Amino acid sequence: MPSTEIPGTEAPRTRLRWWTELPLILLVYACYSAGRLLARGNVETAVDHGLAILRVEKALHLNAEHPLNRLFTREAWLGVPADFWYASLHYLVTPAVLIWLFRSRAVRYRAARTWLMTSTFIGLIGFTLLPTCPPRLLAAGHGFVDTMAQYSSYGWWGGEASAPRGLGGMTNQYAAMPSLHVGWALWCGIVLWRFGGNRATKALALAYPLLTTVVVMGTANHYFLDAVAGAAVMGVGLLLTPFVTRCADRLRARTAVTLGAARGTRGSIVSGGCQTSTGERIPRQRESHIAGGAGGGEPDASPADAGEGAPAAAR
């Protein structure tokens, strides 16, 4: 895997805190999950899109799904681990890489996190515009077997989806294009390759996205072109990361200015319309100080002001 520089990896102006990062990531993932669920398209349209992808792959001799799916269906020692891989690892590895990057490469974290989130939202647009039936949901005549249904007794997922048993109806099963399983795995691989410090880490960086691509096809959850689209989505997200980062910085700066102006306006009010200037504790404090210091000390009282019995000032 080539050394890929993530745009916008300069040191952040303010130190990021986990108690602000965690709610942000959870919010983005909640929006993604909700949007993915709401973006359910017409089933007939989704099936048509899936068959069109399959025809294109056969024409280009890219149809690796059938042999892989037959292998995983026939060999349980391959199919069961592959189902666990598909159902679990993207929930575990992606957050683990984020946490590792946050703790050990804080300067790089913000750009990598922005890249991941931007690509995820692009993928959500793909689900909305191109609902696609995965191979496992095509008619049996097309030659695919749903390995997650076949091996459902081995895992915590139900036979209808990779979601926990009983929650299959809460997922959009026609969101095969693009494959964000592959996209997120590619993100993890590039981050580990770029910032990992040893050969084991680099080997994991190569193996994880490649094996994930094999798994999504062998379990009949995605077509090969879904995996290609997942990688393309990550590429577009990488290109957009500097732009998104600048927009976020501008929004943060404008918010800070607005809040600062609001605090300054509230803090300058003393009472009844009296206001203080910078450095004052009471109204007109600076004016009195400047007037008093203009003559080098306290102003002398004139004889008329001092009274009739007061001695005249020495000359």
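Student: Let's start with a single residue. Which helix is Trp100 found in?

Tutor: Keep in mind that this is a predicted model. Trp100 is found in helix H4, which covers residues 76–104.

Student: Is Trp100 buried, exposed or partly exposed?

Tutor: For that you look at the relative accessible area, where under 20% is buried and over 50% is exposed. Trp100 has 28%, so it counts as partly exposed.

Student: Leaving aside neighbours within four places in sequence, which residues is Trp100 in contact with?

Tutor: Once those neighbours are set aside, the contacts of Trp100 are Arg105, Val191, Leu192, Phe195 and Gly196. Take Leu192: along the sequence, Trp100 and Leu192 are 92 residues apart, yet their C-alpha atoms are 9.7 Å apart in space.

Student: Next, the core. Which residues of the largest nonpolar core touch the most other members?

Tutor: The idea here is a set of buried nonpolar residues joined through their side chains. The largest such core has 25 residues, and Val97, Leu101, Trp115, Trp187 and Val191 touch the most other members. At least two residues each come from H4, helix H5 (106–129), helix H7 (180–195), helix H8 (199–218) and helix H9 (224–267). H7 gives the most, with 10 residues. There is also a second, separate core of 12 residues, which includes Leu68, Tyr86, Trp157 and Ala227.

Student: Leu68 sits in helix H3, I see. Which residues of helix H3 are buried?

Tutor: In general, an α-helix has 3.6 residues a turn, so residues three or four places apart point the same way. In helix H3 (residues 65–74), the buried ones are Glu65, His66, Leu68, Asn69, Phe72 and Thr73. They cover an arc of only 165 degrees around the axis, so they lie on the same side of H3.

Student: On to charges. How many salt bridges does the structure hold?

Tutor: Side chains of opposite charge can pair when their charged atoms come close. The structure holds three salt bridges. One of them joins Asp249 and Arg110, with the closest N and O atoms 2.6 Å apart. Asp249 lies in helix H9 and Arg110 in helix H5, so this pair ties together parts that are 139 residues apart in sequence.

Student: Are Asp249 and Arg110 buried or exposed?

Tutor: Asp249 is partly exposed at 21% relative accessible area, while Arg110 is buried at 13%.

Student: And where do Asp146 and Arg136 lie?

Tutor: The side chains of Asp146 and Arg136 meet in a salt bridge, at 3.2 Å from N to O. Asp146 lies in the loop between H5 and helix H6 (147–150), and Arg136 in the loop between H5 and H6, so this pair ties together parts that are 10 residues apart in sequence. Asp146 and Arg136 are both buried.

Student: Which residue does Glu75 form a salt bridge with?

Tutor: Glu75 pairs with Arg74, and their closest N and O atoms are 3.7 Å apart. Glu75 is partly exposed, with a relative accessible area of 26%. Arg74 counts as exposed, because its relative accessibility is 57%.

Key
Residues are numbered from 1 along each chain as its sequence is written. This is a predicted model: local features need pLDDT of at least 70, side-chain atom pairs count only at pLDDT 80 or more; totals for chains, interfaces and linings use all residues. Side-chain values use heavy atoms; hydrogens and water are left out. Helices (H or I, at least four residues) and strands (E, at least two) are DSSP runs, numbered from the N terminus. Buried means under 20% relative accessible area, exposed over 50%, partly exposed in between (1.4 Å probe, protein chains only). Contact means heavy atoms within 4.5 Å. A nonpolar core is a set of buried Ala, Val, Leu, Ile, Met, Phe, Trp, Tyr and Cys residues joined through side-chain atoms within 4.5 Å. The arc is that of the directions from the helix axis to the C-beta atoms. A salt bridge is a side-chain nitrogen of Lys or Arg within 4 Å of a carboxyl oxygen of Asp or Glu.
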